Amino acid sequence: MRDTMTEPLVRVDDLKMHFPIYTGVFRRHTGDVKAVDGVSFSIQPGETLGLVGESGCGKSTVGRALLRLYEPTAGRVVIEGEDIATLDPEALRRKRPTMQMVFQDPQASLNPRMTLSAIIAEPMVEHTSLTAEERQARVFELMDAVGLNRRFANRYPHEFSGGQRQRIGIARALALNPKFIICDEPIAALDVSIQAQVVNLLEDLQDKLGLTYLFISHDLSMVRHIADRVAVMYLGRIAELSPRDALYAQPLHPYAEALLSAVNEPDPNRARRERIILKGDVPSPANPPKGCSFCTRCPKVFARCRVERPELAEVQPGRFVACHLYTPDAGQTGASGVPEHNQQGASS
Amino acid sequence: MSTGMSQITTWLRDPNPTSRRQARLGQAFMAWLRMRRNPLAMVGLAIVAVLLVMAAFAPWLAPHDPITQDLSNRLLPPLTPGHLLGTDDFGRDILSRILYGSRITLFIIGLVAVTAPVFGLLVGTVAGYFGGWTDEILMRITDIFLAFPKLILALALVAVLGPGMENAILAIALTSWPPYARVARAETLTVRTSDYIAAVRLQGAGPARIILGHVMPMCLPSVIIRVTLDMAGVILIAAGLGFLGLGVQPPLPEWGAMISAGRKYLFEQWWVATMPGLAIFIVSLGFNLLGDGLRDVLDPRSAGR
């Protein structure tokens, strides 16, 4: 489908986002919440990478750290050849138009005191030297693109429905012709009937404008619909990164297997997948278990999992799994330095 | 006439405004309608409006000169023909003095209202937005100011600066900004983590643009409400400074100074101190009622936005 040798638009190397914990009277630094602890992946131009996982696994933090809304603790985020994580403020400002974000809660992501056209025009005030009329024309163009009636231009956000608000958020993200858009659970706050509309709009825009998406969601069926490849996150790390069809047909990582077994099968006549019910709770990211982060709940756990942390490695063409079930049982992990580089060619 | 009115209201209520100005005016109109539902707020608004009219038209409304003395008519009781509220110990008409005194009160309120909240807003939003050391330093300074009772601090400042209206205003402004800084900081802390600020940061906006363009407008309603509620306190402090002889100097008809002058006759000629006291009481009440009403109108949470 895609040229496997093209340079990825986005490459993330060993991204870490630790939030410090201060305790006691003297506010001593006593530990870190390891929200994201060594995540690596790459996204090809025009591709949609789905990022799934349960609440609190760090998927939204990945999205925000990628765009420097948080200052990453360590790691590289290379977008179009420039490392976002270390860019100085002015260079970062110039880079901003390339990458935008669609937020989860369309109510909270729109300033309640600004009219729709002011919201959509604002990025242009910041980055272009268009006159007021040219900006207004572009606002109308964007409103057409996302399917908003032009008559709504001077309404306030509270006068819109959730789906319409999300369209405003998408129009704002598109205002500066970005290449890469992070969709941070864009449909989680919407009615089921509206979710499909918004997802279809995102897909149409991708076709028309050649956008690249990182689609963060916990809705596995929606990710199956929109994503080309899917990364499954657990406790700040990627458990499995596979092409969509392969992952949904046969998940390799035990956590991915358990997660996907919870998806409802649309056809009731087909054999229902065995539900895997995980026991216990997700460990605290401030104090993750030694060894594999999933070892406390994994149904297939064995001795090695508790002492040695599995690295993400390619176990089948294009499929990356961080699990000892698939790594050769040698004393040392031969793959420790390799994984972040060998996924460039990974595509379906 | 009525068709003209209804045309204006339909223009204001237009769900699809054609310009940003129309949208803003429409919002203001909706706020006005919400405000009208609250009778107490309307009473407050009426009192403040009457104060404004009194101040604006004092020379035409006042039956006598507020300063000229007429010792043959001293200490006349209220309802004496020609002196509705009686006269004071120098034979000056109390009604006229109250009318002219409203100008001084309004002048003090106005100057305090445009200086202290602006300063407090700036300190609070900067402290809240940047956090860390900036926050620590600015808020500790605020705490120092808050540690003294307002009136005591104002007294100390006037004692240093010397008595007079300008110094009294300066002292009141310097002592009344910390609560606004607190309010603005609290509001900023909730606003700065919101998604629309994240969206603005993603557009590459710097801190100045975010604070002035996005954080301050969100803090403004809380601060305005707080200012309106504090106006009563400002009037009382101004009156208190006047009472102690540290504010506006005689013979200017400042309400607090008038009470102070009437103190000597409190038991025999009660009206000399009571009339300006009533004026202070009514105006303070008016601002409090208006502030309460504004809270319901301006607070974005209760307005259902």
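Visitor: Leaving aside neighbours within four places in sequence, which residues is Ala171(A) in contact with?

Guide: This is a predicted model, where local features need pLDDT of at least 70, side-chain atom pairs count only at pLDDT 80 or more, and totals for chains, interfaces and linings use all residues. Residues are numbered from 1 along each chain as its sequence is written, chains are lettered from A and ligands numbered from 1 in the order in which they are written. Two residues are in contact if their C-beta atoms, placed from the backbone, lie within 7 Å. By that test, the partners of Ala171(A) are Ile120(A), Leu142(A), Met143(A), Ala145(A), Val146(A) and Leu148(A).

Visitor: Which residues have the most contacts inside the largest nonpolar core?

Guide: A nonpolar core is a set of buried Ala, Val, Leu, Ile, Met, Phe, Trp, Tyr and Cys residues joined through C-beta atoms within 7 Å. A residue is buried if 20 or more other C-beta atoms, placed from the backbone, lie within 10 Å of its own, exposed at 12 or fewer, and partly exposed in between. The largest core has 163 residues, and those with the most contacts inside it are Ala171(A), Phe215(A), Val232(A), Ile238(A) and Ile172(B).

Visitor: How many helices and strands does chain B have?

Guide: From the N terminus on, its elements run α-α-α-α-α-α-α-α-α-α-α-α. The C-alpha atoms of chain B fill a box of roughly 75 × 60 × 25 Å along the principal axes. Of its 305 residues, 41% count as buried. The tally for chain B is 12 helices and zero strands.

Visitor: Which element gives the largest share of the side of chain B that touches chain A?

Guide: Here 22 residues of chain B are in contact with 27 residues of chain A. Helix H2 (20-36), helix H9 (195-202) and helix H10 (207-243) of chain B each give two or more residues to that side. The largest share is six residues, and it comes from H9(B).

Visitor: How does that side of chain B divide by class?

Guide: Ala, Val, Leu, Ile, Met, Phe, Trp, Tyr, Cys and Pro count as nonpolar, Asp, Glu, Lys and Arg as charged, and the others, Gly among them, as polar. The side of chain B that touches chain A then splits into nine nonpolar, nine polar and four charged residues.

Visitor: What do the buried residues of H9(B) pack against?

Guide: H9(B) is mostly covered, with six of its eight residues buried. They are Asp195(B), Tyr196(B), Ile197(B), Ala199(B), Val200(B) and Leu202(B). Their packing partners are H8 and H10 of chain B, together with strand S6 (99-102) and helix H5 (162-174) of chain A.

Visitor: Are H8(B) and H10(B) roughly parallel or antiparallel?

Guide: Axes are lines fitted to C-alpha atoms, for helices over the stretch in contact, with angles from 0 to 180 degrees between N-to-C directions. The axes of H8(B), residues 165-192, and H10(B) come within 9 Å and cross at roughly 155°. Angles under 35 degrees count as roughly parallel, over 145 as roughly antiparallel, 65 to 115 as roughly perpendicular and the rest as oblique. So H8(B) and H10(B) are roughly antiparallel.

Visitor: How do the residues of the contact of H8(B) with H10(B) divide?

Guide: Residues of H8(B) in this contact include Ile172(B), Tyr180(B) and Glu187(B), and those of H10(B) include Met218(B), Arg226(B) and Leu241(B). The division is 15 nonpolar, three polar and four charged.

Visitor: Is Gly262(B) buried or exposed?

Guide: Gly262(B) is found in helix H11 (residues 255-262) of chain B. Beyond four places in sequence, its contacts are Asp88(B), Val272(B) and Ala273(B). Because 22 C-beta neighbours lie inside 10 Å, Gly262(B) counts as buried.

Visitor: What is the phi of Leu79(B) near?

Guide: Most residues other than glycine have a negative phi. Leu79(B) lies in the loop between helix H4 (58-61) and helix H5 (94-130) of chain B. It counts as exposed, with 10 C-beta neighbours inside 10 Å. Its phi is positive, near 70°.

Visitor: Where is Asn177(A)?

Guide: Phi of Asn177(A) is positive, near 55°. Asn177(A) is exposed because 10 other C-beta atoms lie within 10 Å. Its place is in chain A, in the loop between H5 and strand S7 (180-184).

Note on methods: Helices (H or I, at least four residues) and strands (E, at least two) are DSSP runs, numbered from the N terminus.
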